[in-house]
Amino acid sequence: MNGTKTVASVIVIGGGAAGMMAATVAARNGADVILFEKNEKMGRKLRITGKGRCNVTNDCDKNEFLSNVATNSKFLFAAISRFSTADTKEFFEECGVPLKVERGKRVFPVSDKAQDVVSAMENACVSSGVSIINKKVEGIIVENGKAVGVIADGERYTAKSVIVCTGGASYPRTGSSGDGYRFAKRAGHTIVPIRPSLVPLVAEGKLCAHLQGLSLKNIGFKVKDMASGKVVYEDFGEMMFTHFGLTGPVVLSASAHLYDIESGKYVACIDMKPALDFKTLDTRILSDFAEFINKDFINSLDALLPQKMIPVIIGMSGIDGRKKVNSITKEEREKLVSLIKNIEIPLSGFRPIDEAIITKGGVSVTEVSPKTMESKLVSGLYFAGEVLDLDAYTGGFNLQIAFSTATLAGENAAWSSFE
Ligand SMILES: Cc1cc2nc3c(=O)[nH]c(=O)nc-3n(C[C@H](O)[C@H](O)[C@H](O)COP(=O)(O)OP(=O)(O)OC[C@H]3O[C@@H](n4cnc5c(N)ncnc54)[C@H](O)[C@@H]3O)c2cc1C
């Protein structure tokens, strides 16, 4: 240990969405704040959110927000009541980032640039008087049941409160590599086992590899539990085949509803024509067949399916592709309709946590006060953002979790430092 630096009333660990918000709020509430960020720049993950556009929140009310939180939504009642989705919008508009609302009430910067969100948050920190130190925190100092500082680069930095905003364990190259779980565990906290969520799905067989690179829009997507036949997820939208399986918006959303995928547990079902019921699709195929009456079956599906999919569907149907359309039987046609309405792909797992948008699990919320985000085990220790055992579906809800929990943590850490 090189020495001690008594520096701040509040130390924030991590300069991501939660850390920058917590630091700004604490400083605006009168605290001397130091924010430690181990990367050269803050907000590396924030910069890649929403495919570089940053879906900053969702334009919904409190109840709709809570219904989109997959894990521990009740814990967030006080946080979202204190700092709502409307507050997030106001915060960014006031920081000079005009916003727009898109499909599914998703809120984005008008510029479509996540970098504008990062810059606004950085400016908010700096203009509120937050000191930023680009060092990796190695540990939290706890004395007599109280957090009194952190260790970074072998030096002690003391403070009256410490807010842990180190994020989850997904996309570790952005800096969120799970350090906060280790800090919390050492302080006596329970860590709910972490696992990926909003993550691509691995499929069995070679079908997906054959269709690799193919994107499907406006499809129906279901995941069924094979044992019970129960539909555990159903949506419409966009997906893509990859060498390992499935990805894209509906697939990532589905992953948040699945538990412990193992071979034989779940099957994904793709409906290529969700707008047409069985009968209407059959009529449509009959009229296509009438048009291509003397063609081979394999050459009669161009108007119905993407090129790459035609040989695959024909293979699955068991109908000879060289058969003339005029000799296809009613049974064969019905089999084709059933297939187009329900391509079944057995699933075998999640992709690794590195590829997940969100980490499920983390610091158990049963040991954290929902009204202040302070640890119930160590006074002066606060948590905010993805490090907590909280996660939501896609649509801007995860960043809102970060902003709401960070606001509570920032305010309460600042106030308690004056006591
Ligand atoms: C590809 C992708 C797209 C996404 N898109 C969206 C979206 O559009 N909308 C949405 O709502 N959510 C989105 N998310 C989720 C969202 O990014 C996270 O929920 C959010 O960033 C969590 O904020 P956080 O501050 O808790 O953690 P992070 O943003 O991960 O920040 C943690 C910070 O802590 C720093 N840190 C970690 N350990 C230490 C240490 N020991 N010392 C110092 N610093 C440390 C890290 O370097 C990092 O900067 C997306 C996630 C990914 C991966």
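Author: Keep in mind that the model is predicted.

Reader: What makes Ala-392 buried?

Author: The cut-off for "buried" is 20 or more other C-beta atoms within 10 Å. Ala-392 has 25 of them, so buried it is. You'll find Ala-392 in strand S22 (residues 391–392). Leaving out residues up to four places away in sequence, Ala-392 touches Asn-68, Val-69, Ala-70, Phe-397, Asn-398 and Ile-401.

Reader: And why is Asp-260 called exposed?

Author: For "exposed" the count has to be 12 or fewer. Asp-260 has 9 C-beta neighbours inside 10 Å, so it counts as exposed. Asp-260 sits in the loop between helix H9 (249–255) and strand S18 (266–271).

Reader: Why does Met-226 get the label "partly exposed"?

Author: That label is for counts between the two cut-offs, 12 and 20. Met-226 has 15 other C-beta atoms within 10 Å, so it is partly exposed. Met-226 belongs to the loop between strand S15 (215–225) and strand S16 (231–241).

Reader: What makes Gly-264 a contact of Met-226?

Author: A contact needs C-beta atoms within 7 Å of each other. Gly-264 passes, along with Lys-265, Tyr-266 and Val-267, once neighbours within four places in sequence are set aside. Between Met-226 and Gly-264 there are 38 residues in sequence but 6.8 Å in space, C-alpha to C-alpha.

Reader: What stands out about the phi of Met-373?

Author: Most residues other than glycine have a negative phi. Met-373 is not a glycine, yet its phi is positive, near 70 degrees. Asp-260 has a positive phi too, of about 40 degrees, and is not a glycine either.

Reader: Is Met-373 buried or exposed?

Author: Set its count against the cut-off of 20. Met-373 has 31 C-beta neighbours inside 10 Å, so it is buried. Its loop runs between strand S20 (358–363) and strand S21 (381–383).

Reader: How do you know that the length of helix H12 agrees with what a helix should span?

Author: Count 1.5 Å for each residue, using one less than the number of residues. The 12 residues of H12 (residues 330–341) should then span 16 Å, and the end C-alpha atoms are 16 Å apart, so the two agree.

Reader: Which residues of H12 are buried, and how do you know that they are on the same side?

Author: They are Leu-336, Val-337 and Ile-340. These residues cover an arc of only 100 degrees around the axis, which puts them on the same side of H12. What covers them includes helix H10 (278–291) and helix H11 (310–317).

Reader: Which residues come nearest to the ligand?

Author: Out of 39 residues around the ligand, the nearest are Gly-14, Gly-16, Gly-167, Gly-175 and Gly-385. Helix H1 (17–28), helix H2 (44–48) and helix H13 (397–417) each give two or more residues to that shell. The shell divides into 15 nonpolar, 17 polar and seven charged residues.

How values were computed:
Residues numbered from 1 in each chain as written. Predicted model: local features only at pLDDT ≥ 70, side-chain atom pairs only at ≥ 80, totals over all residues. Near = placed C-beta within 6 Å. Helix = DSSP H or I, 4+ residues; strand = E, 2+ residues; numbered from the N terminus. Nonpolar A, V, L, I, M, F, W, Y, C, P; charged D, E, K, R; others polar. Arc of directions from axis to C-beta. Contact = placed C-beta atoms within 7 Å.
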